[in-house]
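User: Could you walk me through this protein model, one question at a time?

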Amino acid sequence: LGSKIVPSKCCAKVREMETQERILQKPLIDFHGIDEELVQKMVYDALVWSSLHGLVVGDKSVQRSGKVPGVGLVHAPFALLPMAFPESQWNLACEVAPIFNELIDRVSLDGKFLQDALSRTKKVDAFTSGLLDIHSKMLEINKKEEIRLGLHRSDYMLDEQTKLLLQIELNTISASFPGLGCRVSELHRSLLNYHGEHIGLDPRRIPGNTSVDKFAEALAKAWTEHNRPRALVMVVVQPEECNMYDQHWLCAALKDRHNVTTIRKTLAEIDKEGEILPDGTLLVGGQEISVVYFRAGYAPTDYPSEAEWRARLLMEQSSAVKCPSISYHLAGTKKIQQELAKPNMLERFLENKEDISKLQKCFAGLWSLEDSDIIKKAIERPELFVMKPQREGGGNNFYGDDVRTNLVRLQKEGTQEDAAYILMQRIFPTVSPTILVREGICHKDHAISELGVYGAYLRNKEKVIVNEQCGYLMRTKVSSSNEGGVAAGFAVLDSIYLS
Ligand code: ADP
Ligand code: MG
Ligand code: MG
């Protein structure tokens, strides 16, 4: 690939904006203009740094790399240098983190709202229906979650034309990369400490990133609130996980800083080994669990049989703290995101007018497919929309012509299947020259970025114990790719350089 620039095929608008940008303002730092010898030196230093500091993932080409730690490691894909990001927008993203946390908590308590908003989706989406069934069962037995823990990541893109910070989605389950995200900030700071002067960059303009420590602290505090000294934190994992080191960073912080022990179990193992005592205590393999932290269970493929669903229900019925509870999980679905963006909806859940208006400003256009005017518009101009099902983990959305094809198909069929999707305004961030490093090879390309801001929320009954912004993750992907996704192989981990 080398420095070949892949032409942006997503739409002419991006390119048009890109040219405008070049004429009006040169990029803050033209990474492609950096002397090639220096680039190669920095790439080498970065590869060494990543290997020495655990900025690593399992190498998919090595058979046991997703199962056995220490086998088949490769550095995580990263951007060589941090991406410029306006300080005011960064501050805004940090400011809204605790408000979004509070919103999720309030929404999670309104069982009827969740059930009603997802009732049409339930009929056509077996996975969401499975989650809603567990939720209904909890409503029936009037299950109360007194200790509630949320470890979230709210993702944003900066719309180039309007300069607005627009939310892509808020992840309430399995928000990934709290462990590796802060490593990337450290990597960039280390590179700038050595080479920053040559390229005119100041390492102090990379914001501190404490995601792993803050998440570990919130987990430890939840464990403390649960108050069972011998109990463990259980990480629910997929049978094979190439991103295990991200998770291990968190478990190591829990152990080292808080002396809390974790175990890793798959849903199938939990089904085999799990039981609930009459007082609600969750035991897995005979060991008491006080906090269940999900890094699996967000996708239909995580539930290949009834056993996995039984395990999910078992945990939900127990008195262990669930991160997330079934209500938090549902509150993070795209359908609920779309419902919350309707006029006057936030007022149902939040009181503070300023808070409400701050959140509303982050909402992009979001529509249900029941809206026939929007369907018409999206069929005419599909490049301006993204069509999303109720799925997590990347690679599930439709773009461009696929939006049109699917909308036309749904219209023709006239079934209820439209309820599986929402439509979202497509956001067009600034395209910047970037240097991406993957498998030890550096590529120069044009890229767009998505900022994720972590947030932790912990409460016990009326007492809010934690509600804060917890660091960030920038993901940068070549502008010709619709989705990106670090694990999927299009995006790289990145950090930010305040401009
Ligand atoms: P998931 O839960 O699978 O991560 P997302 O809503 O985050 O679903 O979509 C996946 C990816 O698709 C995002 O990371 C982003 O790159 C792209 N994307 C999603 N929504 C938009 C949008 N409105 N405009 C532009 N790109 C989007
Ligand atoms: Mg998601
Ligand atoms: Mg996402």
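Predicted model: local features only at pLDDT ≥ 70, side-chain atom pairs only at ≥ 80, totals over all residues.

User: How many residues surround ligand 1, and which are the closest?

Analyst: The elements giving two or more residues to the shell around ligand 1 are strand S6 (165-171), strand S14 (385-389) and strand S16 (421-425). In total, 19 residues surround the ligand, and the closest are Glu 169, Glu 392, Met 424, Arg 426 and Ile 427.

User: How do the residues of the shell around ligand 1 divide into nonpolar, polar and charged?

Analyst: The shell takes at least three residues from each of domain 1 (12-364 + 427-498) and domain 2 (365-426). Sorted by class, its residues are five nonpolar, six polar and eight charged.

User: What distance separates the centres of domain 1 and domain 2, and how many residues does each give to the contact?

Analyst: Domain 1 covers 12-364 + 427-498, and domain 2 covers 365-426. Taken over C-alpha atoms, their centres are separated by 25 Å. The contact takes 24 residues from domain 1 and 21 residues from domain 2.

User: Which elements give two or more residues to the side of domain 1 that touches domain 2?

Analyst: By class, this side of domain 1 has ten nonpolar, eight polar and six charged residues. The elements giving two or more residues to it are helix H5 (119-124) and helix H13 (334-340).

User: Is Thr 281 buried, partly exposed or exposed?

Analyst: Thr 281 sits in the loop between strand S9 (274-276) and strand S10 (282-284). Neighbours within four places in sequence aside, Thr 281 is in contact with Ile 276, Glu 288 and Ser 319. A residue is buried if 20 or more other C-beta atoms lie within 10 Å of its own, and exposed if 12 or fewer do. Because Thr 281 has 16 other C-beta atoms within 10 Å, Thr 281 is partly exposed.

User: How many Å apart in space are Thr 281 and Gln 317?

Analyst: In sequence, Thr 281 and Gln 317 are 36 residues apart. In space, C-alpha to C-alpha, the separation of Thr 281 and Gln 317 is 9.5 Å.

Terms used: Residues numbered from 1 in each chain as written. Chains lettered and ligands numbered in written order. Near = placed C-beta within 6 Å. Helix = DSSP H or I, 4+ residues; strand = E, 2+ residues; numbered from the N terminus. Nonpolar A, V, L, I, M, F, W, Y, C, P; charged D, E, K, R; others polar. Domains from an automatic or database assignment. Contact = placed C-beta atoms within 7 Å.
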